[in-house]
Amino acid sequence: NADALVWTFTFTEELSNLDGSDFNITGSTARATSTTDLTGGAFVVTISGGDLAGLDGTVSIDVTVSDIVDDAGNALSSGTPTGTNNNSYVVDRGNR
């Protein structure tokens, strides 16, 4: 029951060039509206807008590999997460 969804992504090292365009949203026309670098390789990503305010369904997010690099300039080789992967929310508006 939200008009915005928030994920925390934790990478094994600091990254550069990570922004809203680096995320693929499925299940909604919402888009990444905020990307906050918490340092230490952690980022908070907020999606909102689109059809999210009235949506009932599952919304997922994935990292797309584009120009994301670590502090040494090495490109992110994969957007596939390891460890705990909670990349989906089930949005249930229930009784409106």
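Residues are numbered from 1 along each chain as its sequence is written, and side-chain values use heavy atoms, with hydrogens and water left out. The mean pLDDT of the chain (the predictor's confidence in each residue, from 0 to 100) is 87, and 90% of the residues reach 70 or more. Where pLDDT is low, the predicted coordinates should not be read in detail.

The secondary structure consists of eight strands and zero helices, where helices (H or I, at least four residues) and strands (E, at least two) are DSSP runs numbered from the N terminus. Of the 96 residues in the chain, 33% count as buried; buried means under 20% relative accessible area, exposed over 50%, and partly exposed in between, with a 1.4 Å probe and protein chains only. The chain exposes about 5,500 Å², of which carbon and sulfur atoms supply 46%, the areas coming from the Shrake-Rupley method with a 1.4 Å probe, and for residues only the protein chains shown count as cover. Among the contacts (heavy atoms within 4.5 Å) with a separation of 6 or more, 69% are between residues 24 or more positions apart.

Three of the strands form an open sheet in the order β3-β6-β8, with antiparallel pairing; two strands pair if DSSP finds at least two bridges between them. Its edge strands are β3 (23-26) and β8, each of which pairs on one side only. Strand β3 is joined to β6 (residues 57-63) by four bridges, among them the one in which Asn24 has Asp62 as its partner and the one in which Thr26 has Ser60. On the other pairing, β6 and β8 run antiparallel over four bridges, and the bridge partner of Thr58 in β8 is Val90.

Leaving aside neighbours within four places in sequence, Ile47 is in contact with residues including Leu5, Trp7, Ile25, Ala32, Leu52, Val59 and Ile61.

Thr46 also deserves a look, and this residue lies in strand β5. Thr46 counts as buried because its relative accessible area is 18%. Not counting residues up to four places away in sequence, Thr46 touches Ala4, Leu5, Val6, Arg31, Ala32, Thr33 and Ser34.

Asn74, by contrast, is found in the loop between β7 (69-70) and β8, and Asn74 counts as partly exposed because its relative accessibility is 45%. Beyond neighbours within four places in sequence, Asn74 is in contact with Ile68 and Val69. Asn74 and Leu15 are 59 residues apart in sequence, and their C-alpha atoms are 9.4 Å apart in space.

Key. Predicted model: local features only at pLDDT ≥ 70, side-chain atom pairs only at ≥ 80, totals over all residues.
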